[in-house]
Amino acid sequence: MTAPTTGALRLTVLVGECDTCRHRPLYSEIVHRAHAAGLAGASVFRGIEGFGASSLVHTSRLLSLSEDLPVAVVVDTEERVRAFLPEVDALVPEGLVFLERCEIVPRPGSGDDAVREDRG
C-alpha cells in the first residue's frame, strides 16, 4: 500500500539556458536561492522543444543549435513556496512562472517526508 500523501505546491519557472544572473546561469541561481531559503527541493529540467511569450520556437534538435531550453522546478509546502515568490520575481522580470497544487508520495528511506505541513 502506498504511504499517505502530503499536500504541496510546485513552482515552475521557465527560463532560458542562456539567461544569467551575476555571471551564472539563471536556473542555477534559482536552485541555489531555493536551497538557501530551506525549500524541500528544486530541480532543473532541459526542455526538448517549446515556445513562450516571445513566440520564438526553441528546440534541442542538432540543426537548430538552440541552448535556450531549461525549466526550473521547486516543490515544497504552499506557505514556503509562496514565501519564495519574491525571490523569483526579482530574478525573472519576464517569462512564465506558474504554480500547481501537487501531492508528495513519500517513499520508504528516500527522505521525501521532508515536505510536511508541520515543518518549521
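From the N terminus on, the elements of the protein chain follow the order β-β-β-α-β-β-β-β-α-β, which amounts to 2 helices and 8 strands. Helices (H or I, at least four residues) and strands (E, at least two) are DSSP runs, numbered from the N terminus. The structure is a predicted model, in which local features need pLDDT of at least 70 and side-chain atom pairs count only at pLDDT 80 or more, while totals for chains, interfaces and linings use all residues. Residues are numbered from 1 along each chain as its sequence is written, and side-chain values use heavy atoms, with hydrogens and water left out.

The pLDDT, the predictor's confidence in each residue on a scale from 0 to 100, averages 80 over the protein chain. A score of at least 70 is reached by 72% of the residues. Over residues 116–120 the pLDDT is below 50. In the model this stretch has 14 contacts beyond near neighbours in sequence, a contact being heavy atoms within 4.5 Å. Among the contacts of the protein chain with a separation of 6 or more, 72% join residues 24 or more positions apart.

An open sheet is formed by 4 strands in the order β4-β7-β1-β8, with antiparallel pairing. Two strands are taken to pair if DSSP finds at least two bridges between them. The edges of the sheet are held by β4 and β8 (96–104), each with a single partner strand, so one side of each is left without a neighbour in the sheet. Direction ignored, neighbouring strands of this sheet are turned by 20 degrees against each other on average.

Strand β7 is joined to β4 (residues 41–46) by 6 bridges, and the two run antiparallel. Within this pairing, Phe-45 stands opposite Val-71 in β7. Strand β7 also pairs with β1 in the antiparallel sense, over 6 bridges, and here Thr-12 stands opposite Val-73 in β7. Of the 7 residues of β7, 6 are buried, so this strand is largely enclosed by the rest of the structure. Buried means under 20% relative accessible area, exposed over 50%, and partly exposed in between (1.4 Å probe, protein chains only).

Both helices lie across strands of the sheet. Helix α1 lies across β1, β4 and β7 and runs at about 165 degrees to β4. Helix α2 lies across β1, β7 and β8, running at about 15 degrees to β1. For these values, axes are lines fitted to C-alpha atoms, for helices over the stretch in contact, and angles run from 0 to 180 degrees between N-to-C directions.

The largest nonpolar core has 17 residues, of which Leu-11, Val-13, Leu-26, Ile-30, Phe-84 and Val-92 touch the most other members. Such a core is a set of buried Ala, Val, Leu, Ile, Met, Phe, Trp, Tyr and Cys residues joined through side-chain atoms within 4.5 Å. Two or more residues each are given to this core by β1 (6–14), α1 (26–36), β7 (70–76) and α2 (78–91). The largest share, 5 residues, comes from α2. Not counting residues up to four places away in sequence, Leu-11 touches Ala-72, Val-73, Val-74, Val-81, Phe-84, Leu-85, Val-88, Val-97, Phe-98 and Leu-99.

Across the protein chain, buried residues make up 30% of the 120 residues. The accessible surface comes to about 7700 Å², and 56% of this belongs to carbon and sulfur atoms. Accessible areas come from the Shrake-Rupley method with a 1.4 Å probe; for residues, only the protein chains shown count as cover.

Several loop residues were examined individually. Arg-22 is placed in the loop between β2 (20–21) and β3 (24–25). Although Arg-22 is not a glycine, this residue has a positive phi of about 55 degrees, and its relative accessible area of 61% makes it exposed. His-23 lies in the loop between β2 and β3 and has a positive phi of about 65 degrees, although it is not a glycine. With a relative accessible area of 86%, His-23 is exposed. Gly-95 is found in the loop between α2 and β8 and counts as exposed at 57% relative accessibility. The C-alpha atoms of Gly-95 and Leu-14 are separated by 6.4 Å, with the two residues 81 residues apart along the chain.
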